[in-house]
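We will go from stop to stop, and at each one you will see what to select and what to look for.

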Amino acid sequence: MAVTARFWTRLPREGRDTLFLLGVIGWTILPHLPHLPGWCIALTALVLGWRAQLAVTNGPLPSRWLLVGVLAVALGLTLFSFRTLFGKEPGVTMAVVLMGLKTLELRARRDAFVIFFLGFFLVLTHFLYSQSLPVALAMLGSVWGLLTALVLAHMPVGQPSLRQAALLAGRTALLGAPVMVLLFLLFPRIGPLWGVPQDGQAGTGLSERMRLGSIAEAVLDDRIALRLRFEGPSPAPESMYLRGPVLSRFDGQEWRPLGPLVVPRPGTAEPLQTLGPALRYEVTLEPIRLPLLPLLEMSTAVGEVEGHRLRRTDEMVWITERPVVERLRFDVQAHTRYRYVAAPGPLRLREYVNLPAGYNPRTLQWAAELRRDPRYADAPPGVLAQAVLAHIRAGGYTYTLAPGTYGRDGIDEFWFDRKEGFCEHFAAAFVVVMRALDVPARIVTGYQGADPQPVDGYLIVRQSAAHAWAEYWDDGTGWVRADPTAAVAPDRIVRSQRLAPAPGLVGGAIGAVSPALLQRLRQAWEVLDNRWNQWVLSYSRNQQFDLLKDIGFSTPDWTDLALLLTGTLSTLALIGAGWAWWDRRRVDPWVRQREALLAGLARLGIAAAAQDAPATLARRLQDRYGRQAQPLAELLATLERQRYGREALRRPDPELTRAFGAALRALAAQSS
């Protein structure tokens with residue numbers, strides 16, 4: 001550390017400032033590394049390292065023709081990597097390359113200003129990929145570093161410390177913070193023009209296709225899928241099924257939706273018979289990249305979802321007209337006790353019985369033998385379902401996160417041979433068996449359960465809660481949920497005790513020392529993340545209007561919002577102009593003290609120029625008045641130490657000013 005400090009302090013001013021700027025540039029580019037092609041990372045690292053070496057050795061910068069050649073190569077590589085020069089990824093790649101190359105052209109202050117503004121632009125591009133709290137904090141550091149470099153560029157004389165420049169940059173940014181907060185609160189959120197694309201957001205554990213093992217892979221993701229906040233008591237874990245894609249078409253390997261979703265026409269009979277009181281809750285949904293909302297079974301009403309038009313299909317899935325690629329917050333009403341009595345038409349009902357020819361012959365044979373059993377020959381679907389679930393419960397099956405890969409006849413292999421699987425294995429086998437028994441059945445995917453303890457008042461549903469269950473049709477009851485996973489792993493459903501993958505290196509080390517500490521750290525972070533999402537990322541026009549109501553507007557609209565924003569900004573501008581006018585006319589305290597001192601000396605006949613130091617004035621006094629001027633000369637020596645010495649004061653000492661006045665009056669009295 002001492003060697004590094006000595007090296008840093010011995011650097012010339014230009015080299016030190018350049019190295020600092022290169023460090024800020026590297027920090028700003030760092031979060032982009034996962035999005036950049038390998039050649040761009042290598043080229044940028046090489047250029048920044050080269051520029052750092054030139055700063056240390058005070059070497060000459062390369063010719064501009066060399067930079068033009070490198071830029072041409074970078075353009076070609078960008079075109080080769082993305083097949084275009086337009087779009088987000090090519091644009092960010094070229095911005096990073098230009099930032100690096102511009103440092104090799106850093107000859108004058110105007111070149112530094114170009115780098116500063118390129119840096120601010122790069123800061124903005126990070127939010128095209130992620131608007132998370134860590135990215136925001138990292139970019140706040142980048143902005144502070146760039147502002148510090150900008151301050152240094154405006155202090156060309158002397159050797160100002162980085163600490164001094166950073167403090168000045170921080171104070172300047174804090175002066176602008178009220179305007180930034182005001183614009184955030186009141187600037188109109190106008191439809192899809194507000195916000196940024198979030199196609200860089202991570203995908204979801206849900207999909208509109210399912211193969212054996214696909215959900216087991218998805219639950220390795222422990223990120224948050226959605227948050228739920230209930231008005232009253234939350235439902236029991238075994239009732240928390242969040243309905244996502246319904247998969248009914250099976251080709252022997254993969255399950256998919258039937259086809260075009262059917263939305264009931266207005267005026268048709270309500271497919272649900274709800275029982276008991278309604279359950280009201282709020283959902284904060286992360287981007288899921290699917291055109292639907294995974295909601296509690298069965299959700300009967302959904303509040304306004306900004307930017308989306310909602311419809312409910314005949315399969316009781318709430319769909320949107322486009323994939324959800326942004327964070328949404330909305331209110332929902334649901335009934336966890338219901339009867340789903342909507343009868344599909346005869347042709348559609350047969351779709352729920354179809355099985356591909358030539359697949360899983362042993363499972364079909366097993367179902368046929370069950371049907372030939374006198375107890376089940378004419379049994380209703382409910383009795384058959386219980387018989388299948390009883391076989392799963394007593395058949396030696398194992399619920400595991402790593403069942404391995406299954407072959408062509410995966411259901412046969414699971415049902416008879418390996419008997420190891422995750423939720424999709426049990427749900428798929430159940431549906432195949434029920435269809436082989438001529439009972440309409442289908443797979444429903446979504447999420448089941450939530451973390452046991454609320455965090456910041458919200459129940460957290462993670463991607464690791466992704467789940468698959470089944471539904472079968474009973475003429476007397478309607479669609480009935482059947483979860484075969486509950487037959488072999490009841491704690492998964494009743495207590496939300498999910499299988500968990502092995503923790504990472506850091507998490508495993510902390511968990512080995514103190515599992516409780518790891519849990520507390522995780523909850524503390526999720527509280528912060530939730531508040532960032534609720535207060536910043538989910539701040540919408542509805543909340544803007546709620547804010548206007550809180551400050552006295554009865555029925556606020558866009559006009560009120562615009563008038564309030566314009567009026568507040570105008571008031572702040574007038575206050576700023578008034579402060580600037582006052583600041584320009586105020587006199588520095590040191591100047592006031594010197595003017596008073598010079599006026600007193602002029603009355604004693606001592607001429608003084610603006611550049612005369614206190615020591616010079618002391619000598620003139622002593623030359624004219626001799627020993628009588630000694631007290632005043634000593635005060636002038638003290639003034640010189642306070643103003644220009646190593647322990648200089650920031651403001652004049654009022655006691656010294658009063659002593660000057662007394663000494664001047666005493667000398668005037670003695671000399672008269």
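**Stop 1: colour by confidence**

Before selecting anything, keep in mind that this is a predicted model. Colour the chain by pLDDT: the average is 85, and 90% of the residues score at least 70. Now select residues 197-203, where the pLDDT is below 50. In the model, this stretch has 22 contacts beyond near neighbours in sequence.

**Stop 2: helices H3 and H5**

Two packed helices are described by the angle between their axes and the distance between the axes. Select residues 38-57 for helix H3 and residues 88-103 for helix H5. How do these two helices pack, and at what angle? Their axes are 8 Å apart, at an angle of about 15°, so H3 is roughly parallel to H5. The crossing of H3 past H5 is left-handed.

Show side chains to see who meets whom. H3 brings Trp-39, Cys-40, Leu-43, Thr-44, Val-47, Leu-48 and Arg-51 to the contact. From H5 come Thr-93, Val-96, Val-97, Gly-100, Leu-101 and Thr-103. Coloured by class, the residues of this contact are eight nonpolar, four polar and one charged.

**Stop 3: helices H7 and H8**

Next, select residues 133-153, which form helix H7, together with residues 162-186, which form helix H8. Look for a right-handed crossing as H7 passes H8.

On the H7 side, pick out Trp-144, Leu-147, Thr-148, Val-151 and Leu-152. Facing them in H8 are Leu-162, Ala-165, Ala-166, Leu-168, Ala-169, Gly-170 and Ala-173. This contact has 10 nonpolar and two polar residues, with no charged ones.

Stay here and centre on Ala-169, which lies in helix H8. Is Ala-169 buried or exposed? With a relative accessible area of 1%, Ala-169 is buried. Leaving out residues up to four places away in sequence, Ala-169 touches Trp-144, Leu-147, Thr-148 and Val-151. For a sense of scale, draw a C-alpha to C-alpha distance from Ala-169 to Glu-634: the two are 40 Å apart in space and 465 residues apart in sequence.

**Stop 4: helices H22 and H23**

Follow the chain to residues 614-625, helix H22, and residues 630-644, helix H23. The two axes come within 8 Å and cross at roughly 175°, so H22 is roughly antiparallel to H23. Select Pro-614, Ala-615, Leu-617, Ala-618, Leu-621 and Gln-622 on H22. Their partners on H23 are Gln-630, Leu-632, Ala-633, Leu-636, Leu-639, Glu-640 and Tyr-644. Sorted by class, there are 10 nonpolar, two polar and one charged residues in the contact.

**Stop 5**

Switch to a backbone view and zoom in on Glu-297 and Met-298. The peptide bond from Glu-297 to Met-298 is cis, with omega near -15°. Met-298 sits in the loop between strand S8 (295-296) and strand S9 (299-302).

Move on to Met-316, in the loop between strand S10 (310-312) and strand S11 (318-320). Met-316 has a phi near 65°, a positive value in a residue other than glycine. Its relative accessible area is 4%, so Met-316 is buried.

Then try Asn-360, in the loop between helix H10 (346-351) and helix H11 (361-372). What is the phi of Asn-360 near? Phi is near 50°, a positive value in a residue other than glycine. Asn-360 is buried, with a relative accessible area of 2%.

**Stop 6: Ile-443 and its surroundings**

For the last stop, select Ile-443 in strand S16 (residues 441-448). Ile-443 is buried, with a relative accessible area of 0%. Which residues is Ile-443 in contact with, leaving aside neighbours within four places in sequence? They are Met-210, Pro-245, Val-246, Leu-247, Trp-255, Ala-427, Ala-428, Val-431, Ala-468 and Trp-469. Finally, draw a line between the C-alpha atoms of Ile-443 and Ala-482: they are separated by 9.7 Å, and the residues are 39 apart along the chain.

Terms used
Residues numbered from 1 in each chain as written. Predicted model: local features only at pLDDT ≥ 70, side-chain atom pairs only at ≥ 80, totals over all residues. Heavy atoms only, no water. Helix = DSSP H or I, 4+ residues; strand = E, 2+ residues; numbered from the N terminus. Buried < 20%, exposed > 50% of the residue type's maximum accessible area, 1.4 Å probe, protein only. Contact = heavy atoms within 4.5 Å. Axes fitted to C-alpha atoms, helices over the stretch in contact; angles between N-to-C directions. Parallel < 35°, antiparallel > 145°, perpendicular 65-115°, else oblique. Left-handed = near helix turned anticlockwise from the far one by under 90°. Nonpolar A, V, L, I, M, F, W, Y, C, P; charged D, E, K, R; others polar. pLDDT = per-residue confidence, 0-100.
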